[in-house]
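Please look over the model shown here before reading the comments. They are meant to be checked against the coordinates.

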Amino acid sequence: MAKTIVVKQVGSPIRRPQSQRATLKGLGLNKMHRTRELEDTPSVRGMVDSIPHLVQIVEERD
């Protein structure tokens with residue numbers, strides 16, 4: 001079974017660069033306080049680490 005992480009959007013993409021908005025869409029987030037369960041891969045971790053002011057990791061599951 002693959003490890004997963006639960007990511008929550010905590011910041012608004014309004015007045016943010018287009019690349020940060022695209023990263024949010026790539027993670028499947030588009031509105032405040034939405035959560036998404038994603039596979040824990042280096043690419044997903046990199047996306048989350050590139051916008052720490054907009055998202056937070058809520059939970060890590062095995």
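Predicted model: local features only at pLDDT ≥ 70, side-chain atom pairs only at ≥ 80, totals over all residues.

1. The largest nonpolar core has 11 residues: I5, V7, L24, L27, L29, L38, V44, V48, I51, L54 and V55. Strand 1 (4–9), helix 1 (18–27) and helix 2 (42–50) are the elements that each give two or more residues to this core. In soluble globular proteins, nonpolar side chains tend to be buried together.

2. Helix 1 has a buried set made up of Q20, T23, L24 and L27. Viewed down the helix axis, these buried residues fall within an arc of 100°, so they line one face of helix 1. Q18, S19, K25 and G26 are exposed on the other side.

3. The buried residues of helix 1 pack against strand 1, strand 2 (35–39), helix 2 and strand 3 (55–61). Just after helix 1 comes G28, with a positive phi of about 85°.

4. L29, a member of the core, touches V7, Q9, L24, R34, T35, R36 and V55, leaving out residues up to four places away in sequence.

5. A polar atom of the Q9 side chain lies 3.3 Å from the backbone nitrogen of K31. Beyond its neighbours within four places in sequence, Q9 is in contact with L24, L29, N30, K31, M32, H33, R34, L54 and V55.

Conventions:
Residues numbered from 1 in each chain as written. Heavy atoms only, no water. Core = buried A, V, L, I, M, F, W, Y, C linked by side-chain atoms within 4.5 Å. Buried < 20%, exposed > 50% of the residue type's maximum accessible area, 1.4 Å probe, protein only. Helix = DSSP H or I, 4+ residues; strand = E, 2+ residues; numbered from the N terminus. Contact = heavy atoms within 4.5 Å. Arc of directions from axis to C-beta. Polar contact = N/O pair within 3.5 Å; in protein donor to acceptor, adjacent residues only side chain to side chain.
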